[in-house]
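Morning, everyone. Please look at the screen, and I will walk you through one chain.

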Amino acid sequence: MQSALRITTKVLPGNKIEVQLPPGSEGEEVDVFIVLPEKPQAEQRNVMEIIENARKRHAGRTAEDIDRQIQAERDSWDS
């Protein structure tokens with residue numbers, strides 16, 4: 001019967017790993033499987049969706065409203 005050993009280890013500098021096997025394994029040929037952790041994929045969004053969502057959030061704001069808000073923010077820096 002084939003035996004299996006599961007070991008979790010950290011990747012060392014130089015992208016190397018070190019594994020210690022049980023006694024009596026020296027000279028044996030073994031298969032090694034490396035399972036890398038899954039990395040979450042960055043959500044890809046359509047530029048037009050982003051613009052549309054921004055417009056919905058700020059519906060009814062005019063350019064003048066935005067200019068006033070920006071000017072108020074700039075004035076607060078001088079205070």
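How many helices and how many strands are there in the chain? There are 2 helices and 0 strands. Keep in mind that this is a predicted model.

Let's start with the overall form. The chain has 79 residues, and a compact globule of that length would have a radius of gyration near 12 Å. This chain has 29 Å. Now the extents. Along its principal axes, the C-alpha trace spans about 80 × 35 × 15 Å.

What percentage of the residues count as buried? The value is 0% of the 79 residues. Buried here means under 20% relative accessible area. The accessible surface of the chain comes to about 8800 Å². Carbon and sulfur atoms hold 51% of that surface.

Next, the segment before α1. Helix α1 covers residues 47–57. Gly-14 is found in the segment ahead of that helix. Is Gly-14 buried or exposed? Gly-14 is exposed, because its relative accessible area is 62% and the cut-off for exposed is over 50%. Its C-alpha atom is separated from that of Ile-51 by 43 Å. Along the chain, Gly-14 and Ile-51 are 37 residues apart.

Asn-15 also has its place in the segment before α1. Asn-15 counts as exposed, at 72% relative accessibility.

Asn-46 is found in the segment before α1 too. At 41% relative accessibility, Asn-46 counts as partly exposed.

Take Val-30 as one example. Val-30 sits in the segment before α1. With a relative accessible area of 47%, Val-30 is partly exposed.

Now the charges. The chain has 11 positive and 15 negative charges. Their mean positions are 6 Å apart. Side chains of opposite charge can pair when their charged atoms come close. How many salt bridges does a search of the whole structure find? The search finds 1.

Which residue forms a salt bridge with Asp-65? The partner is Arg-68, and the closest N and O atoms are 2.4 Å apart. Where are these two residues? Both are in helix α2, residues 63–78. Asp-65 and Arg-68 are 3 residues apart in that helix, so about one helical turn separates them. Asp-65 is partly exposed, with a relative accessible area of 29%. Arg-68 counts as exposed, at 54%.

To recap: 2 helices, 0 strands. The radius of gyration is 29 Å. And the salt bridge joins Asp-65 and Arg-68. Thanks, everyone.

How values were computed
Residues numbered from 1 in each chain as written. Predicted model: local features only at pLDDT ≥ 70, side-chain atom pairs only at ≥ 80, totals over all residues. Heavy atoms only, no water. Helix = DSSP H or I, 4+ residues; strand = E, 2+ residues; numbered from the N terminus. Buried < 20%, exposed > 50% of the residue type's maximum accessible area, 1.4 Å probe, protein only. Rg over C-alpha atoms; globule rule 2.2 N^0.38 Å. Areas by Shrake-Rupley, 256 points an atom, 1.4 Å probe, with all protein chains shown as cover. Lys, Arg positive; Asp, Glu negative; His and termini not counted. Charge placed at Lys NZ, Arg CZ, Asp CG, Glu CD. Salt bridge = Lys/Arg side-chain N within 4 Å of Asp/Glu carboxyl O.
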